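Welcome! Have a look at the structure below, and then we will walk through two of its local features together.

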Amino acid sequence: MTNATRTHQPTGSDITGFRAFRVEISGAAIDDLRERLARTRWPEKEPVGDWSMGIPLAYVQELAGYWGKSYDMQRVADRLNRYEQSMTTIDGVDIHFLHVRSPVEGATPCIMTHGWPGSVIEFIKVIDPLVDPVSHGGEASDALELVIPSLPGHGWSGKPTVTGWSVEKIARAWIELMDRLGHERWVAQGGDWGALVSSAIGRLADPAKLIGIHFNWALADPAKLTELGGPSVEEQRYLARLQHSSEAEGGYAIEQATKPQTVGYGLTDSPVGQLAWIVEKFKTWSDCGEDGESSFTKDELLDNVMVYWLNAAAASSARLYWHSLASSVGSFDEVPAPSAYSRFAADNVALSERWARTRYTDLRYYGTPERGGHFAAYEAPGEFVAELRAGLRALV
């Protein structure tokens, strides 16, 4: 896919409207975190022997103890600062993004968007193979130039002070970002909210500029299955999975979509509260069985929690649900852009190929990797890279 062109070749600090950025974690922030962890007031143990009431007390205490005493508090900064990072302001909100160029001339620009409770750290394991495929088992034609922004209200991006920052507005901001970077032809990728942002890009972007989109999470109208003659056995399983996700796992979304400010107070004040709120989802939405650490190490889980904690982003990230849950999740607007869908085996929501086609009207690739869940790039980076490469090849 190395056929991309630019109107200009911007670099780092010489881009008008872009500011170089590095993650800095102060000693005072670390001291405050450790003090709060040490002073945690714990609830009693849950009266069940599994995760059915939520993340178990013993595991949270184990993680919190590791966080306060053994975790390298500079680790997340060190991992992100390996790569060029910038800030730009779009519609009054600072947007933080990683900008990782490829050694391959003409690499295809790709904007990758995380979701909640993820962050840009989700992509940290796939950056090098995607930008330098020749060194990681791929072809030069697979090379990508990556733009990886933090969603508004997440990570080091600014926190909108006005309403209206929905998925659609973020999609328009990402289109503006790619224009500012001078990209004439590019692709979009995402999972979770990132899949919805990429889908909105597939509706809103100039088809002359957007090559297509790849997503590893998708929603489509269940009513469309009736028009297809009713759900197959496979689709009945997917409908049951969707219902379970809504009824047994969806309480967080209702709270964040209705009262994000309220939930933000406790999570912003308590690192253990923020940890529990996030890590529960990494376990229940991943391909890990009963052992969450079969998919993510303690360090990897805490790296992502740190992104939220350092930026006091509990309330600001939750507001995306308030802005978007009804309009963006429930609309099922058709997406005409060339599309590629990778359905990872253990994701919390899944679509069959024919069901996906009812929304993604130019679906050119449907992949079914056997390993990986909702946070695929972080959990199964090898499978994710292979899927993204295959999907993007099908778009051209």
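## A serine and its polar partners

Let us start with a side chain in this predicted model. A polar atom of the Ser-157 side chain lies 2.6 Å from the backbone oxygen of Ser-150. The side chain of Ser-157 also has a polar atom 3.0 Å from the backbone nitrogen of His-96.

Is Ser-157 buried or exposed? Its relative accessibility is 5%, and because buried means under 20%, Ser-157 counts as buried.

Leaving aside residues up to four places away in sequence, Ser-157 touches Asp-94, Ile-95 and His-96, along with Ser-150, Leu-151 and Pro-152.

## Where two helices cross

Now follow the chain to helix α5 (residues 167–180) and helix α6 (residues 193–204), whose axes come within 8 Å and cross at roughly 70°. Angles of 65 to 115 degrees count as roughly perpendicular, so α5 is roughly perpendicular to α6. The crossing of α5 and α6 is right-handed.

Which residues make the contact? From α5 come Val-167, Glu-168, Ile-170, Ala-171, Arg-172, Trp-174 and Ile-175. On the α6 side are Trp-193, Leu-196, Val-197, Ala-200, Ile-201, Arg-203 and Leu-204. The residues of this contact between α5 and α6 comprise 11 nonpolar and 3 charged ones, with no polar residues.

Conventions. Residues numbered from 1 in each chain as written. Predicted model: local features only at pLDDT ≥ 70, side-chain atom pairs only at ≥ 80, totals over all residues. Heavy atoms only, no water. Axes fitted to C-alpha atoms, helices over the stretch in contact; angles between N-to-C directions. Helix = DSSP H or I, 4+ residues; strand = E, 2+ residues; numbered from the N terminus. Parallel < 35°, antiparallel > 145°, perpendicular 65-115°, else oblique. Left-handed = near helix turned anticlockwise from the far one by under 90°. Contact = heavy atoms within 4.5 Å. Nonpolar A, V, L, I, M, F, W, Y, C, P; charged D, E, K, R; others polar. Buried < 20%, exposed > 50% of the residue type's maximum accessible area, 1.4 Å probe, protein only. Polar contact = N/O pair within 3.5 Å; in protein donor to acceptor, adjacent residues only side chain to side chain.
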